Amino acid sequence: QVQLVESGGGSVLPGGSLTLSCTASGVSLDAYAIGWYRRAPGKEREGIAAISTSTNEGDKYYAESVKGRFTISRHSAKNTVYLQMSRLLPEDTAVYFCAADLRFDKVVVTPQLIQYWGQGIQVTVSS
């Protein structure tokens, strides 16, 4: 069983930065592809970033809405995957989730099939 926990959310001014963390206990995240997703009020869930397993760390995915502003990365020693968010916009306001799967293509293309999800964390961008 993979239990994921997000942290690092909160409120920030437009143009500001936040870094979200996705950690797990009892399992190495290096073996899993990790995706970050968000759900804004009244909108469907959006996949925004993903990183392949540590053996294929060159594989990353970004949605157009966050490309150039968000960066996904791993810290194997801390068993953590980060989502560094910069130049935040009010439309980035959402509940952010991380999810894990053995397959990178599933994380990117068919997240509805992913079994392991975090509980979500709120990010609010507002002046």
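What is the relative accessible area of T110?

Reply: The relative accessible area of T110 is 22%, so this residue is partly exposed; buried means under 20%, exposed over 50% and partly exposed in between, with a 1.4 Å probe and protein chains only. This is a predicted model, in which local features need pLDDT of at least 70 and side-chain atom pairs count only at pLDDT 80 or more, whereas totals for chains, interfaces and linings use all residues. Residues are numbered from 1 along each chain as its sequence is written, and side-chain values use heavy atoms, with hydrogens and water left out.

T110 sits in the loop between α1 (104-109) and β10 (116-117); helices (H or I, at least four residues) and strands (E, at least two) are DSSP runs numbered from the N terminus. Its C-alpha atom is 28 Å from that of G10, a residue 100 places away along the chain.

Elsewhere in the fold, four strands form an open sheet in the order β1-β3-β8-β7, with antiparallel pairing; two strands pair if DSSP finds at least two bridges between them. Its edge strands, β1 (3-7) and β7 (70-75), each pair on one side only. Five bridges join β1 to β3 (residues 18-25), and Q3 stands opposite S25 in β3.

Strand β3 also takes part in the one disulfide of the structure, a disulfide being a pair of cysteine sulfur atoms within 2.5 Å. The sulfur atoms of C22 and C98 are 2.1 Å apart, and the link is right-handed, with 75 degrees about the S-S bond. Because C22 lies in β3 and C98 in β9 (residues 94-101), the pair ties together parts that are 76 residues apart in sequence. Both C22 and C98 are buried.

L4 is in contact (heavy atoms within 4.5 Å) with both of these cysteines, and its other partners beyond four places in sequence include Y116 and W117. L4 is also among the residues that touch the most other members of the largest nonpolar core, which has 32 residues; I34, W36, L83, M85 and Y96 are the others. Such a core is a set of buried Ala, Val, Leu, Ile, Met, Phe, Trp, Tyr and Cys residues joined through side-chain atoms within 4.5 Å. The elements giving two or more residues to this core are β3, β4 (33-39), β5 (46-51), β7, β8 (80-85), β9 and β11 (121-125). A second, separate core of six residues includes Y37, A50, V107 and I114.
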